[in-house]
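Reader: I would like to learn how to read the features of a protein model. Please take them one at a time.

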Amino acid sequence: MENQQQDAEPEDNSWLQSRVAELENNWRTAMADLDNLRKRTVRDTVQVRQQERKRAAKELLTVLDNLDLAIGHAEADPKTIVAGVEAVRAQADLAMSNLGFPRYGDDQGEPFDPQLHEAVSVVPAVGVKPGTVVQVVRPGYGDAEDQLRPAAVVVAKAD
């Protein structure tokens, strides 16, 4: 009986060694695949960031071009310059909207919403319900789910 066990051991041992080598090879392959995936993910992330930066910059190019034109006409009639600056501001608002951050905050008379507004002051206001936006100091951009910044507002308080 001992002879049979001794004869079987080298056979079993070689099978185990072969299996260990196979598993080590599978492990090395998996580690190499994981490293390649990590490198590809880093490369793809950098590429997506660059594309988004370009998209944002392209949105602002028209605004910059028109600001340059406005500066070039600095000696023109002030009413014309104001109209031009208002048009450039409208283009900037459109660019922000195209980037996913539409302008809001022209909500004077609306109830204060802590999701969309930041109260910068509270003032007594006659004839206005407490908690109502009485002045917009700075507009907000975005929406409640994806906000770039809240609108800065002055809110009515109770007398």
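This is a predicted model: local features need pLDDT of at least 70, side-chain atom pairs count only at pLDDT 80 or more; totals for chains, interfaces and linings use all residues.

Author: Residues are numbered from 1 along each chain as its sequence is written, and side-chain values use heavy atoms, with hydrogens and water left out.

Reader: How many helices and strands does the protein have, and in what order do the elements run?

Author: Helices (H or I, at least four residues) and strands (E, at least two) are DSSP runs, numbered from the N terminus. The protein has 2 helices and 6 strands, and the order from the N terminus is α-α-β-β-β-β-β-β. The radius of gyration, taken over C-alpha atoms, is compared with the globule rule, 2.2 Å times the number of residues to the power 0.38. Here the radius of gyration is 33 Å, well over the 15 Å that the rule gives for 159 residues, so the protein is more spread out than a compact globule. The C-alpha trace spans about 110 × 50 × 15 Å along its principal axes.

Reader: What share of the residues is buried?

Author: Buried means under 20% relative accessible area, exposed over 50%, and partly exposed in between (1.4 Å probe, protein chains only). Buried residues make up 14% of the 159 residues. The areas come from the Shrake-Rupley method with a 1.4 Å probe, and for residues only the protein chains shown count as cover. The protein exposes about 12100 Å², of which carbon and sulfur atoms supply 55%.

Reader: Which strands form the open sheet, and in what order?

Author: Strands of a sheet pair through backbone hydrogen bonds, either parallel or antiparallel. Two strands count as paired if DSSP finds at least two bridges between them. In this model 3 strands form an open sheet in the order 1-4-5, with antiparallel pairing. Strand 1 (103-104) and strand 5 (147-149) are the edge strands, each pairing on one side only. Strand 4 (residues 140-142) is joined to strand 5 by 2 bridges, and glycine 142 has glutamine 147 as its bridge partner.

Reader: Which strands are joined to strand 6 by bridges?

Author: Strand 2 (residues 117-124) runs parallel to strand 6 and is joined to it by 7 bridges; histidine 117 stands opposite alanine 151. Strand 3 (residues 133-138) runs antiparallel to strand 6, with 4 bridges, and valine 133 stands opposite valine 155. Strand 6 is mostly covered, as 6 of its 7 residues are buried.

Reader: Which residues make up the largest nonpolar core?

Author: In soluble globular proteins, nonpolar side chains tend to be buried together. A nonpolar core is a set of buried Ala, Val, Leu, Ile, Met, Phe, Trp, Tyr and Cys residues joined through side-chain atoms within 4.5 Å. The largest one here has 5 residues: Tyr104, Val133, Ala151, Val153 and Val155. Strand 6 (residues 151-157) gives the most to this core, with 3 residues. Contact means heavy atoms within 4.5 Å; leaving aside neighbours within four places in sequence, the contacts of valine 133 include Phe112, His117 and Val153.

Reader: Is aspartate 93 buried or exposed, and what does it touch?

Author: Aspartate 93 lies in helix 2 (residues 78-98) and is buried, with a relative accessible area of 15%. Not counting residues up to four places away in sequence, aspartate 93 touches Arg103 and Tyr141. In helix 1 (residues 2-72) sits leucine 61, which is partly exposed at 46%.
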